[in-house]
Amino acid sequence: MNVRSDPWSDLWLLRQPWTEPPGDPLAVSELSEVELGRADSFRRAHDRLLYLTAHIALRRLLAAYLEIPPREVPLTRQPCPSCGGAHGRPAVAGDPPPLHYSLSHSSGLALFGVSSAPIGVDVEKIPSQETVELCTPALHKKEQEEIERLGALERRFAFARLWTRKEAYLKGIGTGLARELSADYLGATEGSGYGGPPGWMVDNVPCGSSHVNHVAAAALSADAVRPERIGWLPADFLFAGGVTEPLDSHSR
Amino acid sequence: MTPASTFEERRTVPDLETLRAADIDERIRRIVEFVCKEMRITLEIPPEEDVDPTQPLHTLGVGSITALRLKRRFELDLLVEMDLVRILRAESVSELSARLALCVEDAPMTASSGTAGTVRDECAE
């Protein structure tokens, strides 16, 4: 394995193909039996395809950083910070791990964070107004006040932006959603100068075009540096025999 | 904001007294129906597609925001608190509904908490 020793971080985005292409089959042979079983458990075809897409890309991405074949990337789970069980943060095996990563996918879009220090990412489809009204009272008091000051349309975007920051942070610290949602303030607004809880840099990530359906965020340990780039992975990154190394030399 | 009154016409909120009076099988059946309907609305599942109550929730497309929405529905409509992770890791809608049914049965609402029961075993797998 050959990974840079200085602090670094990268973010990658990938759009899910509309359908599973018959001519250029996805590189599913690079997935583990567990991953294939999980993919097959999805009820709807596009959910299955998104899972396959995200996990093929994840293995290929990590493989490019680690300079090993995708199937040999040693994925594991760190101990749960709450109970010590084997269902904590997903990680590359190693003590210390050669790099840190985080993956999120939602409604056709996947976001990958790869870093020299703990990282969390989240991407979400913008929820309905009804969902926002229902869920806002679960947040930190100050976050609630900030959202409730906004108009209906702004509120949906603001909630989604805030939620992705919160979930990225909770993934970054390793607790995930087991931690109380009201415990941490992630309500940074643009230009406020607030960058997240102590020891963390948390911010939203641009992930769309003018037709914005998704919002995304990343949380980085202060031991890392802000992402050097936010790159889009090409569609053929997913196909057997396709491009397997989108990374140029500066990300190694 | 008045979340409990929004889109009421599309929803079927179980009556708590009726639920408590029903036997456990009937209570579970009604809660399964409620949860499936809630998921259909949130996940925009078309009427011709079933929500299979025997499947794990994540396989039906339930993510973090949908799980939070379900959690809030359980608090508002069933007066039951359930951890978000428990919802996300539920083996099925049926299993989740059975847990909810037991909480609805076992714990009358208290003035201090405003909730009937609590399911907190977020790290159990």
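Before anything else, my pairing rule: two strands pair if DSSP finds at least two bridges between them. Helices (H or I, at least four residues) and strands (E, at least two) are DSSP runs, numbered from the N terminus.

Housekeeping: I'm working on a predicted model, where local features need pLDDT of at least 70, side-chain atom pairs count only at pLDDT 80 or more, and totals for chains, interfaces and linings use all residues. Residues are numbered from 1 along each chain as its sequence is written, while chains are lettered from A and ligands numbered from 1 in the order in which they are written.

**Entry: around E8(A)**

I began with strand E8 (residues 214–221) of chain A. A:Trp200 stands opposite A:Ser221 in E8(A). Strand E7 (residues 200–205) of chain A pairs with E8(A) through six bridges, antiparallel. Strand E6 (residues 119–125) of chain A is also antiparallel to E8(A), over seven bridges, and there I found A:Val123 opposite A:Ala216.

Is E8(A) enclosed or open? Six of its eight residues are buried, so E8(A) is largely enclosed by the rest of the structure. For burial I use C-beta atoms placed from the backbone: 20 or more others within 10 Å is buried, 12 or fewer is exposed, and in between is partly exposed.

Next I listed the contacts of A:Ala219, skipping neighbours within four places in sequence: A:Ile119, A:Gly120, A:Ala168, A:Tyr169, A:Gly172, A:Gly196, A:Trp200 and A:Val202. Contact here means C-beta atoms, placed from the backbone, within 7 Å.

**Entry: the core**

A nonpolar core is a set of buried Ala, Val, Leu, Ile, Met, Phe, Trp, Tyr and Cys residues joined through C-beta atoms within 7 Å. The largest one has 91 residues, and A:Ala219 is among those touching the most other members, as are A:Leu111 and B:Ile87. H2(A) gives the most to this core, 13 residues.

**Entry: the four-stranded sheet**

I traced an open sheet in chain A, order E4-E5-E1-E9, with mixed pairing. E4 (100–106) and E9 (230–232) are at its edges with a single partner strand each, so one side of each lacks a neighbour in the sheet. From one strand to the next the twist averages 20°.

E1 (residues 9–15) and E5 (residues 109–115) of chain A run antiparallel, joined by seven bridges. A:Leu13 has A:Leu111 in E5(A) as its bridge partner. Helix H2 (residues 45–66) of chain A packs on this sheet, touching E1, E4 and E5, with its direction at about 25° to that of E5(A). Axes are lines fitted to C-alpha atoms, for helices over the stretch in contact, with angles from 0 to 180 degrees between N-to-C directions.

**Entry: H1(A) against H2(A)**

How do the axes of H1 (residues 33–40) of chain A and H2(A) cross? They come within 8 Å and cross at roughly 155°. The two are therefore roughly antiparallel (over 145 degrees; under 35 is roughly parallel, 65 to 115 roughly perpendicular, the rest oblique). On the H1(A) side I noted A:Glu35, A:Arg38 and A:Ala39, which meet A:Arg48, A:Tyr51, A:Leu52 and A:His55 in H2(A).

**Entry: chain A against chain B**

I looked up the interface: 24 residues of chain A contact 23 of chain B. H3 (129–135) and H5 (152–173) of chain A each supply at least two residues to chain A's side. H3(A) has the largest share of that side, five residues.

**Entry: B:Val32**

B:Val32 sits in helix H2 (residues 24–42) of chain B. Buried or exposed? B:Val32 is buried, with 20 other C-beta atoms within 10 Å.

Note on methods
Contact = placed C-beta atoms within 7 Å.
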